[in-house]
Amino acid sequence: MTLLGTLEVGPQGLGCMGMSQSYGPGDEAESIRTVHRALDLGVTLLDTADVYGPFTNEELLGRALRDRRDEAVLATKFSLADPDRRPRGDAAYVRQACEASLRRLGVDHVDLYYQHRVDPTVPIEETVGAMAELVAEGKVRHLGLSEASAATIRRAHAVHPITALQSEWSLWSRDIEETVVPTCRELGIGIVPFSPLGRGFLTGEVKREALGDDDARRAMPRFSGDNYDHNLRIVEALRALAAERGVTAAQLALAWVHHQGDHVVPIPGTKRVKYLEENVAALDITLTADDLKAIEDATPTPAGDRYPPEMLRLSNR
């Protein structure tokens, strides 16, 4: 097991967003099988958010956990599901959003409650203060932030201990290493990397021409035009290194994340048992310092931003 702050979780979690949106059609029966298999394999941290669906992903996860709630460390997020689609962090909304999530999930508490994106119009002290009240009432056990800056993390942590920071972190998204990662390590805050496989790109299995019209990656600069062609060369290099070790590119990319230190628990997303099992097998890979350097040398900064401009500006506040 691994500690996120003081919260004990399995060494790898499961991102559930893709079961309900963004990456093509879902299959509820297979998604529920995937959740159950995750628990069987010791993948206890299950990650969702009210905006996924919207709302339907929490409901799906609630159905999946109906008879297995005690085996899971249940994490959800708020702030982006407001009808205006802007981040909200005012105290009244924090409470409203939490109580709605509890109803959809069919539980009396969540183990980890994140602010999904920081509201620039509300002091973080007000938001975290309201979240702390939910802890005092037993509706939430631990608090987290997502895509927050180092300065915001410090201010939040001064109000109530922050257990985890969830941000994108992978071989092709390393922005948080400069200030956010050192701050979390200093304060004893766990890090939960989302999209540790670059939204599937680092697996080498995602082909631009095969993406459906409703696939969110079509709008992401790294999947577009010349950027895509440049980034394919990074994946080809990663696949060659993986082949030398008898593993998949996905497993090698995940192993790199796992080797970034204690209190790092990535949440690769999948809606299929096959890929869940492949991801969990990455925990068995041991990398030396030379291995890590070889992997990093083969995967330089990718071309293109990770989000379209309207989404990118919501991050790292």
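How many nonpolar, polar and charged residues does the lining of the second largest pocket have, by class? Point 1 takes this up. Note that this is a predicted model.

1. **The second largest pocket.** By class, its lining has four nonpolar, five polar and four charged residues. The lining residues number 13. Those nearest the centre of the pocket are Asp175, Ile176, Arg306, Ser315 and Asn316. The space inside the second largest pocket is about 200 Å³.

2. **The cavity.** The structure holds one cavity of 30 Å³ or more. The largest cavity has about 30 Å³ of space. Its lining consists of Glu168, Trp172, Arg199, Met220, Arg222, Phe223, Asp305 and Arg306. By class, five of these residues are charged, three are nonpolar and none is polar.

3. **The nonpolar core.** The largest nonpolar core has 98 residues. Helix H8, residues 249–258, gives the largest share of this core, with eight residues. Inside the core, Leu14 and Leu45 have the most contacts. As background, nonpolar side chains tend to be buried together in soluble globular proteins.

4. **Leu14.** Leaving out residues up to four places away in sequence, Leu14 touches Met19, Thr34, Val35, Ala38, Val43, Leu45, Leu46, Asp47, Ile267, Pro268, Thr270 and Leu276. Leu45, named with Leu14 for the most contacts inside the core, is one of these partners.

5. **Arg117.** Is Arg117 buried or exposed? Arg117 is buried, because its relative accessible area is 6% and the cut-off for buried is under 20%. Arg117 sits in the loop between strand E6 (110–115) and helix H4 (124–136). Residues up to four places away in sequence aside, Arg117 touches Phe78, Ser79, Leu80, Pro87, Ser146, Glu147, Phe194, Tyr307, Leu314 and Ser315.

6. **Thr286.** Thr286 is also a loop residue, placed between helix H9 (273–281) and helix H10 (289–298). Thr286 is exposed, because its relative accessible area is 67% and the cut-off for exposed is over 50%. Beyond residues up to four places away in sequence, Thr286 touches His259 and Asp291. Glu28 is 258 residues from Thr286 along the chain, and their C-alpha atoms are separated by 34 Å.

Conventions: Residues numbered from 1 in each chain as written. Predicted model: local features only at pLDDT ≥ 70, side-chain atom pairs only at ≥ 80, totals over all residues. Heavy atoms only, no water. Helix = DSSP H or I, 4+ residues; strand = E, 2+ residues; numbered from the N terminus. Buried < 20%, exposed > 50% of the residue type's maximum accessible area, 1.4 Å probe, protein only. Contact = heavy atoms within 4.5 Å. 1 Å grid on protein atoms, 1.4 Å probe; cavity = no way out; pocket = protein on both sides within 12 Å on 5 of 7 lines; lining within 4 Å. Points joined across faces, edges and corners; volume = space filled by probe spheres on them. Nonpolar A, V, L, I, M, F, W, Y, C, P; charged D, E, K, R; others polar. Core = buried A, V, L, I, M, F, W, Y, C linked by side-chain atoms within 4.5 Å.
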